[in-house]
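Student: Please take one part of this model and go through it closely. I would like to see how that part sits among its surroundings.

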Amino acid sequence: MRSNVRISAPAVRAALRSVQRRSFTASASRQAQWGFIGLGQMGYNMARNLQAKLPSSDTMKVYDINPAMVERFANDTKALTSGAAVEAVANVRDAAEDSETTITVLPEPSHVKNVFGHILKPPLSESHVSNPDRLFIDCSTIDPASSREVANAVHSTEQGRFVDAPMSGGVVGATAGTLTFMLGAPDSLVSRVEPILLMMGKKVLHCGAQGAGLSGKLANNYLLAINNIATAEAMNLGMKWGLDPMVLGNLINISTGKCWPSSVNNPVKGVVDGSPASRDFQGGFGLSLMKKDLGLAIIAAAEAGAKLELGDRAKEVYEAAEQREDCKGRDFSVVYRYLGGAE
Ligand code: NAD
């Protein structure tokens with residue numbers, strides 16, 4: 001049985017690649033080498049799930065700009081005897097060069113543009129993977145225009161195919177492998193991309209052409225951003241009027257105001273068991289991520305000519321909450337505390 005130790009002898013690696021290449025050619029769904037870039041809160045856990053589900057003959061090249069994350073990943077997987085072999089690499093180029101599929105999970109548009117700038121120039125070698133076989137899956141939440149710009153750089157230089165697959169489900173979903181992916185890809189690529197995403201999640205929603213996954217994700221998160229503030233305001237309002245928070249929470253959750261922030265992530269401690277409010281708003285979906293997604297939605301709305309009445313005001317609320325020491329770095333339902341809600 002193969003252990004998960006990196007194969008260091010170049011000749012052995014070359015022989016293995018040649019075998020892998022042959023098997024890839026024999027079956028379109030067979031993957032031989034994978035690149036994974038961005039081992040942060042989401043990417044680390046997604047990469048662990050992917051590594052575990054890949055056949056032991058495959059190799060996964062991992063990279064993060066933070067060497068500690070790469071080292072941690074290599075250490076955590078080195079004793080494993082199943083799943084893909086893990087190879088820590090020194091730059092994004094090495095992760096992508098000979099990989100049929102490269103997955104990126106990066107924070108912001110600038111990071112995605114920067115990484116692809118390094119991957120695509122000079123053009124990737126075709127000695128192990130031909131360009132038509134090369135697939136890039138970007139799971140970062142960025143704006144659709146930036147994503148299309150990167151896709152265009154990949155497609156216009158004919159170095160592969162680029163699809164967007166942002167996700168929801170948070171760190172909990174990334175760890176459990178239960179993420180939902182929103183895929184922006186041509187119909188012809190869906191059957192290739194979907195099984196890959198399902199190694200890291202439970203659902204793939206094909207939203208349309210490249211960029212559409214991000215449009216879907218940002219529309220959802222725009223609604224979430226507003227619902228979260230409105231829930232905090234409504235709970236605070238009702239309690240100031242003298243309502244018991246449990247009575248009010250239950251009322252909303254069987255009535256027309258019901259939404260995810262009221263029914264799952266309720267900002268008042270005790271209304272919903274296990275919500276971040278019950279642990280001083282630690283963990284969960286951070287204020288800064290909500291602010292980032294809302295900002296991306298506002299930019300994308302302006303580009304599309306879609307009028308938003310509430311977006312800018314909601315963004316100001318998240319920005320102001322983030323300035324407060326007792327809110328900063330916490331779950332976004334901490335907006336309730338920012339509003340002065342009773343705790
Ligand atoms: P994170 O900041 O924890 O991780 C990002 C990783 O990318 C870091 O480890 C960082 O070192 C690395 N990185 C940055 N620049 C790089 C570069 N040039 N080359 C290689 N690596 C680089 O972020 P995260 O929470 O994992 O989120 C990743 C993406 O997923 C974001 O776009 C975020 O909006 C989205 N997302 C996050 C959540 C969540 O709950 N955290 C949920 C859904 C979607």
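Tutor: Helix 3 has 12 residues, and from its first C-alpha to its last it reaches 16 Å, close to the 16 Å expected at 1.5 Å a residue. The model is a predicted one. Met69, Val70, Phe73 and Thr77 are the buried residues of helix 3. Seen down the helix axis, these buried residues fall within an arc of 100°, so they line one face of helix 3. On the other side of the helix, Pro67, Glu71 and Lys78 are exposed. Buried here stands for under 20% relative accessible area, and exposed for over 50%.

Next come the surroundings. The buried residues of helix 3 pack against helix 2, strand 2 and strand 3 (85-88). The largest nonpolar core has 37 residues, and Phe36, Met46, Met60, Ile137, Cys139, Phe181 and Leu197 are those with the most contacts inside it. Helix 3 (67-78) supplies at least two residues of this core, as does each of strand 1 (33-37), helix 2 (41-53), strand 2 (59-63), strand 5 (135-138), strand 8 (179-184) and helix 8 (187-197). Apart from this core lies another, of 32 residues, including Ile229, Met239, Val272 and Val334.

Leaving aside neighbours within four places in sequence, Phe181 is in contact with residues including Met46, Cys139, Leu197 and Val204. Other contacts of Phe181 include Ala165, Pro166 and Met167.

Key
Residues numbered from 1 in each chain as written. Predicted model: local features only at pLDDT ≥ 70, side-chain atom pairs only at ≥ 80, totals over all residues. Heavy atoms only, no water. Core = buried A, V, L, I, M, F, W, Y, C linked by side-chain atoms within 4.5 Å. Buried < 20%, exposed > 50% of the residue type's maximum accessible area, 1.4 Å probe, protein only. Helix = DSSP H or I, 4+ residues; strand = E, 2+ residues; numbered from the N terminus. Contact = heavy atoms within 4.5 Å. Expected span 1.5 Å × (residues − 1). Arc of directions from axis to C-beta.
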